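Dear colleague,

Please find below the structure for your review. A summary of the findings follows directly after it.

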Amino acid sequence: MPSSATEYSATAWTHFRRPCNAGEFPAGTAGVLSGEAGARQHGRAVAFQLQVTAGGRVADCRYRVYGCPATIALCSLTSEALKGRPLAAATAFSVVALAEQLGLPAAKRSAALTVEDAIRSAAGRYNSSG
Amino acid sequence: MSHKVIYLDYAATTPVDPRVAEKMAGCLTCEGMFANPASAHAPGRAARGAVEQARSQVAALVGAEPGEIIFTSGATESDNLAIKGAMHFYKGKGRHLVTSRIEHKAVLDTCKQLERDGFEVTWLKPDADGLIQPSMVEQALRPDTVLVSIMHVNNEIGTLNDIAAIGRITRERGVLFHVDAAQSAGKLPIDLKTLLVDLMSFSGHKVYGPKGIGALYVRREPRVQLDPLIHGGGHEHGLRSGTLATHQIVGMGAAFDLARQELAQEAPQLRALRERLWQALHVAIPRALLNGHPSQRVCGILNVAFPGIEGESLLFACEALAVSSGSACTSADRQPSFVLRALGRDDQLAGSSIRFSIGRFSTAAEVDAAASIVSEEYHRLLDLAPTG
């Protein structure tokens, strides 16, 4: 498909077609923080989960995503990138910078912001409960 | 098709039929009819003969007289010539025209330009099935209405307007009637001897002919007059100057001739394949919704909304298919299909709609494979999405 060839890098395309860590943690899994951002009626909705260790590091991630290929690819790539990071670093992680590295079209930057918002919403629950 | 991709985008364009390509090739080189059809010498006369044969072939498909066919560069130019040409020629009579919100862009943008030029346009909204009812047209007519322009078949959803009934209304009221028939010519019978249509646009490349060639039917009795868009050597009765592109014209003629011969056999085949595809999709995805009237539609076009998933992702995930989306999501400004929005579909459904268009070279195996691919990718994306 020409659009995939012209607009998406091989990495982004691979993560769109075969996203990593998709889904959600089983109910009752310890240390899981959940956050959401976006809305279907606006074309994009992300629900992101961070599993945080007692030491405050991101052990694993899950997400559910409704959106364009860029949104799906960014959820997948970010879920990999956050593993092992301290929660503060995860909160500060720039999905926008990741989108730029991937060469995503400028029109897709808002997808990165939605993923960031979902992560910060999840991380914010740790802060508020801690 | 010989490619891995399954081509189901025949409403966008068709491949040139090999039988057409062969005829076109005979008009290009020294051994063929390359000469200028306007030239008086023998090679020129031969080329002119080929052009006139093609004109007869185009006319024969739609029940017109050869002299009523004007060759253009495509349906877009035909629409421009018909609408601007009529409005400018008859501006002494009035400055009002009627069209619908779901016309092809070639009509919409032409009418918008006329608005900028001081003409008045009434934009009809289709009913929930995507049809422009004759009564809607009747109610929109005014004493100063010059022209009504309504498409025969909608290019996105395939719905079929009752141009016979609309023509009876416009003729009775002394208003000209233009029909964009780019999606209907060769797909269903058209008889301009009985239809009260004054101007009709055709495309070569939607009928297995080449791109870059089209035609406009201009009724002679009662006579319709137009201001030309292009001035020059006075070709095509002064309506479309420019050296005639013999190979393109011969290609369009051959394509329309094949369509005339094969329509009766081909249309039921396309309809059966379209129904096969819809049934397979509907069984696999019961939530899928048909866009447009269930039966008043052309044989080859199926437009389906897939609730619960995002349209661009579905389209891209189905990379093994060449189909069209109901939205232009790749642009910075998300613009769901204006046609589907006019039908009352919300942005999400309009954005998650796919147009499948089946054609001469489509097979049952391709249709079955397409349904499987869409179903698999739809359910994968649905599983990925948040609940609610």
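Predicted model: local features only at pLDDT ≥ 70, side-chain atom pairs only at ≥ 80, totals over all residues.

An α-helix has 3.6 residues a turn, so residues three or four places apart point the same way.

Val148(B) belongs to strand β5 of chain B. Its relative accessible area is 0%, so Val148(B) counts as buried. Leaving aside neighbours within four places in sequence, Val148(B) is in contact with Ile166(B) and Thr170(B), and also with Val98(B), Val137(B), Leu141(B), Val175(B), Leu176(B), Phe177(B) and His178(B). Val148(B) and Leu226(B) are separated by 78 residues in sequence and by 15 Å in space, C-alpha to C-alpha.

His237(B) is placed in the loop between β8 and α7 of chain B. Is His237(B) buried or exposed? With a relative accessible area of 54%, His237(B) is exposed. Pro222(B) is found in the loop between β8 (214-218) and α7 (246-284) of chain B. The peptide bond that joins Glu221(B) and Pro222(B) is cis, with omega at about -5°. Tyr208(B), also a residue other than glycine, has a positive phi near 65°. It is located in the loop between β7 and β8 of chain B. Tyr208(B) has a relative accessible area of 2%, and it is therefore buried.

Two further residues of chain B deserve mention. Glu262(B) lies in helix α7. Which residues does Glu262(B) touch, not counting those up to four places away in sequence? They are Arg19(B) and Arg360(B). Glu262(B) is classed as buried because its relative accessible area of 19% falls under the 20% limit. Gln296(B) is in the loop between β9 (289-290) and β10 (301-305) of chain B. At 29% relative accessibility, Gln296(B) is partly exposed. Not counting residues up to four places away in sequence, Gln296(B) touches Leu131(B), Gly158(B), Thr159(B), Leu160(B) and Asp162(B). Gln296(B) and Gly186(B) are 110 residues apart in sequence and 17 Å apart in space, C-alpha to C-alpha.

As to the overall form of chain B, it has eleven helices and 13 strands. For 388 residues, a compact globule would have a radius of gyration near 21 Å, and the 21 Å of chain B agrees with that. Its C-alpha atoms fill a box of roughly 70 × 55 × 40 Å along the principal axes. Of its 388 residues, 59% count as buried. Among contacts in chain B between residues at least 6 apart in sequence, 73% join residues at least 24 apart. Chain B exposes about 15000 Å², of which carbon and sulfur atoms supply 54%.

Chain A has six helices and three strands, and from the N terminus on its elements run α-α-β-β-β-α-α-α-α. The radius of gyration of chain A is 14 Å, close to the 14 Å that the globule rule gives for 130 residues, so chain A is as compact as a globular protein of that length. The C-alpha atoms of chain A fill a box of roughly 45 × 30 × 25 Å, taken along the principal axes. Of the 130 residues of chain A, 50% count as buried.

With kind regards

How values were computed
Residues numbered from 1 in each chain as written. Chains lettered and ligands numbered in written order. Heavy atoms only, no water. Helix = DSSP H or I, 4+ residues; strand = E, 2+ residues; numbered from the N terminus. Rg over C-alpha atoms; globule rule 2.2 N^0.38 Å. Buried < 20%, exposed > 50% of the residue type's maximum accessible area, 1.4 Å probe, protein only. Contact = heavy atoms within 4.5 Å. Areas by Shrake-Rupley, 256 points an atom, 1.4 Å probe, with all protein chains shown as cover.
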